[in-house]
Amino acid sequence: MSKVRLLVGTKKGAFVLTSDGKRERWDVSGPHFAGWEMYHLKGSPVDQNRLYASQTSGWFGQKIQRSNDGGKTWEPVGDKFVYEGVPGTHQWYDGTQHPWEFKRVWHLEPSLTESETVYAGVEDAALFRSTDGGQTWQELPGLRSAKGHLWQPGAGGMGLHTILLDPSNPNRMTIAISAAGVFRTDDAGKTWRPVNRGLKSPFELPDPDAEVGHCVHRIALHPSRPGVLFMQKHWDVMRSDNAGESWQEVSGNLPTDFGFPIDVHAHEPETIYVVPIKSDSEHFPPDGKLRVYRSRTGGNEWEPLTKGLPQQDCYVNVLRDAMSVDSLEPCGIYFGTTGGQVYGSADSGDTWTPILRDLPAVLSVEAQTLS
C-alpha cells in the first residue's frame, strides 16, 4: 500500500508527517531546525527520499538544507545566491527605484526528471537553478529582463513564490511573483515574457492593460493539462486555458474572492480548491468559519466544504504554499493554518480531520505520495 508524507514548514521549525494509505493515523517527526522559519520544503519527484528545505533566520540569514533519507537526517548545502551581472534596480513601494537585494528563498521546486536539479524562487524576485543537488546556484537572469525595473513588492515583499514545470514540455516553465505577475519561458529559462492579459488590479495599477504589476498569490495546474492554469489573485480567482496567454475570472459564488492558496485535484483536472479569507486587511475566514471551497467545474460554481472544520470563532489564515494534494484514490487534500493546525481530508474534501494542532504558524505544506 502506498504511503503519504507531509512536509510541513512553520515559523519555528519543520515537521515530517507520515501515514499509510488510509491516512487515519500519522507519525510525527520534528521539530527539525527548531526556532528557524522554514519557508518551504519539497521532495523530488524522481527520488522520493531526496528532500530540499529553505530555512531563514534574522540572526543567521538564509540556509538550504537537503535530506537523502526522507527527512530523517539533513545536511546544509549551498546558500550563495548572487544575481548575474549588475543587478540594477526595481520599483519600491513609493514608486522610486530600489537596488536588487537578496533576502531569502521563498520556494523550492525540484526537477521532474533530474534528482540533482532544483529551482529556487527568491526575494528580491529572481529564479535560481542548481544542477548539483543544491550545492551551487546560478541565476536565470533572463527573467529579470522581462520588465524587472517595473516590478514592485507586495505587502510581504517581492518574492518569486510559485514555479510550475510543464511535464509535457521541458522547455516551458511558468512562475509567479508578488507583486509583478505571471511570467513564462518556452526556451528553458533563457528568455521570459509576462503572461498577464485579462488580469485587473484597479487599486494598484492605474493602467487597466498593464503587463506587469499584478499581485498574483498562487497559480496551479494539473499535470495532464499543463496548458490550463488556475490562479488565486490578490482579488479574483482566475483561469487560463492557453498557458497564461489570457485569463478570465471564475470567482463565481465565492463569499469573497480574496485568498492565498489554490490547488487542483489529483485525478479531476476540473476540480479545484481555494480558501477564501475576508479581505486584504482582515486575513481571516468570513464570519469566523473556516471553509475550503471546491469547484468541480473549473471555477464559477463553488461549494463550501465544512465537515470537520471549525465553524465559529475561527480567525486563522492559510498561506499560499500551505495547501497540497496527494495522488492516492480517493485524493487527499491537506492545508495548514497560521494558528498551527494541519487539516487533512482523505475523501477529496468531503470531510476533514485535524492531523496536528498547536504547531507554530504553518508556512508551507507539501504532500508526497510514496510507493
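User: Are F335 and W352 buried or exposed?

Analyst: A residue counts as buried under 20% relative accessible area, as exposed over 50%, and as partly exposed in between, with a 1.4 Å probe and protein chains only. In this structure F335 is buried, and W352 is buried as well. Please note that this is a predicted model, where local features need pLDDT of at least 70, side-chain atom pairs count only at pLDDT 80 or more, and totals for chains, interfaces and linings use all residues. Residues are numbered from 1 along each chain as its sequence is written, and side-chain values use heavy atoms, leaving out hydrogens and water.

User: How many aromatic pairs are there in the whole structure?

Analyst: Rings of Phe, Tyr and Trp (its six-membered ring) pair if their centres lie within 6.5 Å; planes under 30 degrees apart are stacked, those over 60 are edge-to-face, and the rest are tilted. The search of the whole structure finds 16 such pairs. One of them joins F335 and W352 edge-to-face, with 5.3 Å from centre to centre and 70° between the planes.

User: Which parts does the pair of F335 and W352 tie together?

Analyst: Strands (E, at least two residues) and helices (H or I, at least four) are DSSP runs, numbered from the N terminus. F335 belongs to strand β27 (residues 333-336), while W352 is in the loop between β28 (342-345) and β29 (353-356), so the pair connects parts that are 17 residues apart in sequence. Elsewhere, ring pairs link F81, Y83, F102, F128 and W137 into a cluster.

User: Where does the charged end of R144 sit?

Analyst: A charge sits over a ring if NZ of Lys or CZ of Arg is within 6 Å of the ring centre and within 35 degrees of the ring normal. The charged end of R144 sits over the ring of W100, 5.0 Å from its centre.

User: What should I know about backbone geometry?

Analyst: Most peptide bonds are trans, and most residues other than glycine have a negative phi. Here the bond from G30 to P31 is cis, with omega near 5°, and P31 lies in strand β3 (residues 27-32). The bond from E329 to P330 is also cis, with omega near 0°; P330 is in the loop between β26 (323-325) and β27.

User: What is the phi of R23, and what is that of S348?

Analyst: R23, not a glycine, has a positive phi of about 60°; R23 lies in the loop between β2 (13-20) and β3. S348, not a glycine either, has a positive phi of about 65° and lies in the loop between β28 and β29. R23 has 10% relative accessibility and therefore counts as buried.
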